[in-house]
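Q: I'd like to learn how to read aromatic ring pairs and backbone angles in a model. Can we go through them together?

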Amino acid sequence: MDRIVEDEILVAQFQAGRPDAFDDLMKRYKGQIYAYLLRSVKNYEDAEELTIEVFFKAYRALDTWKPQARFSTWLYKIAHNLSIDFHRAKSRRQTYSLDDEEFVLEEPTAVDLWSNPEWDIEEKDRHRVIREAIDQLSPKQKEVFMLNRYQGLQIKEITEVLGMAEGTVKIHLHRAVKKLQTLLLPLWETNDI
């Protein structure tokens, strides 16, 4: 059965009075929403709190939700809006936080008993270089690129999450990919990473 249809069935079950259907939806999406928010707020505790808030808001609004978009797209939109609110609130108050340079978001890597330590170092260096290149994108390009490439959202879903026109999303994604190619291609050609 299609995941979208399964989501709609679970929502209908929740709306019909089966609250444990929401648990299934939350289990299905909490990892993806958490990863999205962690990339945005760059703090594990804040990402965890925001993830809880996303599902709290979704739970409260789910009785009236209608499938105009995918359920997952709706969750990402809630997460995106909470992320914006978080950054606005953070800019208003002066608090100690990790500097972006100090924060390293580890990408998951496969581990096996025969792994090569040199390869591991090279792989971590590649991830660092890619993160640095992504950080050079404009905020909109970065947001569109991350939703598309890291979260797997389609153009139409990104338009709904970010509230942008489809053409604008396509332009931001195209420019992001071009800029990343420009930044990363010379590095791959010289095998420096």
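Q: Is Trp65 buried or exposed?
A: Trp65 counts as buried, at 9% relative accessibility; buried means under 20% relative accessible area, exposed over 50% and partly exposed in between, with a 1.4 Å probe and protein chains only. The model is predicted, so local features need pLDDT of at least 70, side-chain atom pairs count only at pLDDT 80 or more, and totals for chains, interfaces and linings use all residues. Residues are numbered from 1 along each chain as its sequence is written, and side-chain values use heavy atoms, leaving out hydrogens and water.

Q: How many aromatic pairs are there?
A: A pair of aromatic rings is described by the distance of the centres and the angle of the planes. Rings of Phe, Tyr and Trp (its six-membered ring) pair if their centres lie within 6.5 Å; planes under 30 degrees apart are stacked, over 60 edge-to-face, and the rest tilted. That rule gives ten aromatic pairs. Take Tyr36 and Tyr76: they sit edge-to-face, 5.6 Å centre to centre, with 90 degrees between the planes.

Q: Which parts does the pair of Tyr36 and Tyr76 tie together?
A: Tyr36 lies in helix 2 (residues 20-41) and Tyr76 in helix 4 (residues 71-92), so the pair links parts 40 residues apart in sequence. Helices here are DSSP runs (H or I, at least four residues), numbered from the N terminus. Tyr36 is buried at 5% relative accessibility, and Tyr76 is buried at 2%. Trp65 and Phe71 also pair edge-to-face, 5.8 Å centre to centre and 90 degrees between the planes.

Q: What about phi of Lys42?
A: Most residues other than glycine have a negative phi. Lys42 has a positive one, near 55 degrees, and is found in the loop between helix 2 and helix 3 (44-61).

Terms used
Helix = DSSP H or I, 4+ residues; strand = E, 2+ residues; numbered from the N terminus.
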